[in-house]
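Please consult the sequence and the model while reading.

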Amino acid sequence: MFRFALAMLAFGSTAVSALEVRQVDHDGERYQLVELDLRHDRLDLRWKDDDGRALASIEGLRAWADSHRRTLLFAANAGIYDQAFRPLGLHIEDGTTWRRLNTVRLPGTVGNFSMQPNGVFYVDQDGKAGVMTTAQWQSKPPAARIASQSGPMLVVDGEVNASFDAKSNSRKIRSGVCAPSPDSVAFAISTSPVSFHRFGSFMRDALGCRDALFLDGSLSQFWTPQTGYVGAPAPMLKPYVGMFVVFADPAQ
C-alpha cells in the first residue's frame with residue numbers, strides 16, 4: 001500500500017505483472033499510458049457475456065470477471081460502433097469473427113471512421129501484435145486471435161495521418177493504440193482535449209509508433225487498479241461495445 005501511494009503521488013510508473021501504467025507529458029499535454037508485454041500479459045477483447053448480452057460498460061465487464069473469479073488489471077473501450085451498438089467494423093474474439101471487415105468509403109468525413117485511412121489493431125494466434133490499414137488487412141489478413149477495426153489511423157508507416165490539420169481547433173479526449181514491437185502494446189488516452197494531429201504526433205514521437213490507430217473520442221475511458229478511471233467524465237459516457245481487457249494470471 002505504501003509503494004502504491006508513493007507511485008500515485010509521483011505520477012510515476014507502476015507495474016502489475018508485466019503491465020505498466022504511467023503518465024507522460026508531451027508538448028504541453030499529458031497522456032495516460034498502459035503498456036503491455038505480450039510475452040507475459042494476455043490481451044483479450046470482449047463484447048458480450050456468457051448469455052450473449054452486451055457487457056456495455058467497464059463495470060459490467062468487472063462484474064463478469066468477478067463472477068468468473070478473475071481479477072481485472074486493465075480495461076478500455078475498443079473501436080468504433082454503430083447506432084445499434086454493434087462494432088462498425090471487424091471484431092474478432094478468440095479467433096472467431098463476430099463482425100466482418102468494413103470496407104465502405106463514405107464521401108467526405110462523415111464521422112471519425114470515414115476518415116481515411118482507417119485500420120485494424122490485432123493480436124495474432126502467435127501472440128504478436130500489430131496495426132495495419134483496412135486496405136492492407138483486406139489484401140493480406142493475418143491469423144488474428146483478437147482484432148478491432150476503428151478509425152482513423154493516427155500514424156501510417158511512420159507519418160502522422162495526412163488527413164489531419166495541424167492547425168485544427170477540434171479538441172477532444174482521445175484514445176488510441178499501437179504496437180511499438182510485435183511483443184508490446186501501448187494504449188494511450190489524453191487527460192485533456194487534444195486534436196487528432198497532436199495526438200498522432202504524440203503516438204509517433206513519444207511512443208515510437210510507426211502505425212497507430214484511433215479508438216474513440218469523448219466517451220473513452222481506461223481503468224486500472226492503480227489509477228481507477230481515466231478519461232471521459234461520467235456524464236459523457238455511453239454504452240461500450242468491444243472492450244480490451246487484461247486479467248491477472250489465475251495463479252497469482
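Buried means under 20% relative accessible area, exposed over 50% and partly exposed in between, with a 1.4 Å probe and protein chains only. This is a predicted model, in which local features need pLDDT of at least 70, side-chain atom pairs count only at pLDDT 80 or more, and totals for chains, interfaces and linings use all residues. Residues are numbered from 1 along each chain as its sequence is written, and side-chain values use heavy atoms, without hydrogens and water.

Q: How many residues of strand S10 are buried?
A: Strands (E, at least two residues) and helices (H or I, at least four) are DSSP runs, numbered from the N terminus. S10 covers residues 144-150 and is largely enclosed by the rest of the structure, because the number of its seven residues that are buried is seven.

Q: Which residue in S10 is the bridge partner of valine 123?
A: Strand S8 (residues 119-124) runs antiparallel to S10, and six bridges join them; two strands pair if DSSP finds at least two bridges between them. In S10, the partner of valine 123 is isoleucine 146.

Q: Which strands stand at the edges of the open sheet of five strands?
A: The antiparallel sheet has the order S4-S18-S5-S16-S17. Each edge strand has a single partner strand, so one side of each is left without a neighbour in the sheet; these strands are S4 (43-46) and S17 (228-231).

Q: Which residue in S17 is the bridge partner of tryptophan 223?
A: Strand S16 (residues 221-224) and S17 run antiparallel and are joined by four bridges. The partner of tryptophan 223 in S17 is tyrosine 229.
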